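Me: I have a model open and want to go through it piece by piece. Can we begin with the sheet?

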Amino acid sequence: MLKAFFKRALNFMPYVAVYFLVLCLMAGGIIAYARNVFYKDGTFAIVNVACYYIENSENSYGLQFVENMESFEQSVHLIDCDNPEEVLELVEDGEVVAGLIFPDGFVDSIMTGENLSVDVIYNESATFEGYVVSDLLSSLTSMLGVGQASMQSMYDFCKEYDLDTSAVDVAQIRSLSYAMSRFDLFEETQADSISDYSLVQKTTAAYSIYILLLSGFVFAYFYKGNTSAFIARAKLAGISKFKLFVLENGMVTCMLYVPTLVIIVGLMISPLEVSPLALIAVLPVVLMIATVISGVCYVVKNSVASGYVIFAVGTLLMYLAGGLMPLEFMPRFLQELAIYNPCYYLIGFMLKVMFI
Amino acid sequence: MGTSQGNFMIEINGVCAKYRKTVLTDVNLKTSKGECIGLLGLNGSGKSTLLSCIAGIKKPQSGSIKTEGKIGFVTQENALIDELNAIDNIMMWTSLKRSEIMKELEGPELSILKVKDFANVKVKNMSGGMKKRVALTSILITKPDILLLDEPLAALDIPAKKDILTIIDSFISRGGTVVVASHEEEMFAHCSSVYYLNKGKATLLPKGANISEVINA
């Protein structure tokens with residue numbers, strides 16, 4: 001029976017391939033369109049953050065360094081303000097989702113180990129604070145870590161040439177103190193792991209899942225374990241409903257895995273540089289989606305209806321999980337609802353799988 | 001469900017079955033080797049339900065069903081897979097190899113159904129008659145002792161009906177037991193006894209009863 005099922009799956013694959021090709025083209029078109037509509041100035045920056053800092057060479061260099069970081073560039077657009085009041089005004093008016101006010105001597109404080117805190121101001125009506133703050137602050141923290149390491153090297157150099165021993169000792173202690181405490185500098189960071197990824201990565205992972213989910217339309221016609229005649233035939237052959245489900249689910253998983261591999265290989269050679277490990281790591285995602293598809297087919301018992309149910313429920317869940325459209329474009333209550341959506345976590349898992 | 005004691009191949013005592021509505025009420029039926037039982041009744045009278053109960057696919061609410069030997073059930077809707085050809089569909093449910101199946105198809109019994117002529121045609125490209133022949137072959141090749149047929153002649157042309165009736169006769173003559181649910185009068189001519197199912201009850205029609213009169217009544 002297994003052999004027959006494999007043969008059946010092979011015969012069914014051309015339909016799957018055509019369906020996936022159409023879906024991939026559609027998804028590609030949507031992503032290309034979304035890039036122009038959602039993200040201003042042709043960049044991927046999606047949120048504005050007001051920022052105030054005292055103009056001096058260290059601060060300017062540091063901010064420029066952060067702004068050029070890839071993950072930062074794709075998510076945050078920094079608006080320089082002349083004074084802290086302007087930051088507050090922009091936040092209150094909703095022009096920006098958050099404001100950052102760097103205290104005077106912030107960079108120096110890091111060098112000395114004093115570690116002054118940055119004021120982080122949220123806009124109550126804004127909807128994406130966690131994301132913005134996490135991304136910005138993690139970038140800043142990384143930058144500061146690099147700065148700290150540079151300082152350490154500099155003092156090592158001083159020590160080697162006996163330039164100023166007492167200064168070296170103090171600097172080392174302060175460096176250690178900073179290195180130990182720098183991740184505690186910004187205590188208000190509460191964003192989840194998804195915000196560690198760039199928007200392009202998130203869109204790629206989400207649309208990959210959506211394409212896999214929509215394949216339920218074509219697999220609904222493959223699934224036979226929901227027809228009474230087939231169940232009856234299987235039962236007389238000693239195959240229980242559960243065994244039949246497992247068998248059919250296995251076949252759906254295998255068929256779903258092939259186009260998934262094609263998608264991942266395509267992404268591996270794309271500028272996104274998806275990890276080759278994703279070829280194996282993606283299996284649980286494929287299995288989960290295949291099980292959902294098989295489950296719907298089993299319960300609904302009608303190919304056409306199953307297809308529509310998968311399409312409707314899949315699209316709704318993906319939309320509410322921010323998979324089709326960034327969450328920050330949605331009303332606040334929908335954003336809060338996202339954490340109860342299984343697709344939200346599936347996207348997170350897919351992100352980890354793709355960009356290990 | 002149990003094994004029949006005595007000479008009966010199927011022994012049904014006081015079977016009641018229901019889905020949302022009660023479909024069968026106190027059905028009693030017995031049949032021996034080499035017999036063909038016809039089930040006659042309007043749509044929804046419980047013919048298919050009774051066959052499902054005999055096959056063990058549906059559990060009756062009460063009563064007992066005892067059977068002897070292997071059961072083959074040809075349902076009204078076929079259990080064939082459209083993407084596979086006739087041979088692959090048959091192979092799916094048996095442990096026989098392709099060559100062994102081809103040999104069986106050429107044998108004196110199964111050759112009646114002429115499946116060998118379209119053995120490599122995919123089911124999705126077959127007519128209703130061809131599908132019925134494949135479905136019946138896939139059951140008969142497993143050598144059942146009891147054959148349950150649900151509307152075997154529905155929507156078939158005359159040659160197909162003739163071939164299927166011939167193979168049923170051949171199966172009975174070899175000692176097989178057949179229970180067939182049908183609306184076709186010509187089917188009942190091959191039955192040793194006919195039960196009329198109405199309002200959940202199964203009534204044995206007297207020998208020589210006019211089937212068309214019963215159907216039209």
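Me: What is the strand order in the open sheet of chain A?
Reply: This is a predicted model. In chain A the order is β2-β1-β3-β4, an open sheet of 4 strands with mixed pairing.

Me: Which ones are the edge strands?
Reply: β2 (76–80) and β4 (119–122) of chain A, each of which pairs on one side only.

Me: And how much twist from one strand to the next?
Reply: The average is 25°.

Me: Which helix packs on that sheet?
Reply: Helix α4 of chain A, residues 84–92. α4(A) touches β1 (47–52), β2, β3 and β4 of chain A, and its direction makes about 170° with that of β3(A).

Me: Back to the strands. How do β3 and β4 of chain A run, parallel or antiparallel?
Reply: Antiparallel, with 4 bridges joining β3(A), residues 98–101, to β4(A). One bridge pairs A:Gly99 with A:Ile121 of β4(A).

Me: How many helices and strands does chain A have?
Reply: Chain A has 16 helices and 4 strands.

Me: What share of chain A is buried?
Reply: Of its 356 residues, 35% are buried. As for contacts in chain A with a separation of 6 or more, 76% are between residues 24 or more positions apart.

Me: Switching to chain B. What does β2 of chain B pair with over 7 bridges?
Reply: β3(B), residues 22–32, in the antiparallel sense; β2(B) covers residues 8–18. The two strands form a hairpin with 3 residues between them. Within that pairing, B:Val15 has B:Val27 as its bridge partner in β3(B).

Me: Which strand is joined to β2(B) by 5 bridges?
Reply: β5(B), residues 62–67, which runs antiparallel to β2(B). There, B:Asn13 is bridged to B:Ser64 of β5(B).

Me: What pLDDT does chain B average?
Reply: Its average is 86, and 96% of the residues score at least 70.

Me: And what ipTM does the predictor give the complex?
Reply: The ipTM is 0.83, and the pTM is 0.66.

Terms used. Residues are numbered from 1 along each chain as its sequence is written. Chains are lettered from A and ligands numbered from 1 in the order in which they are written. This is a predicted model: local features need pLDDT of at least 70, side-chain atom pairs count only at pLDDT 80 or more; totals for chains, interfaces and linings use all residues. pLDDT is the predictor's confidence in each residue, from 0 to 100. Two strands pair if DSSP finds at least two bridges between them. Axes are lines fitted to C-alpha atoms, for helices over the stretch in contact, and angles run from 0 to 180 degrees between N-to-C directions. Two residues are in contact if their C-beta atoms, placed from the backbone, lie within 7 Å. A residue is buried if 20 or more other C-beta atoms lie within 10 Å of its own, exposed if 12 or fewer, and partly exposed in between; C-beta atoms are placed from the backbone.
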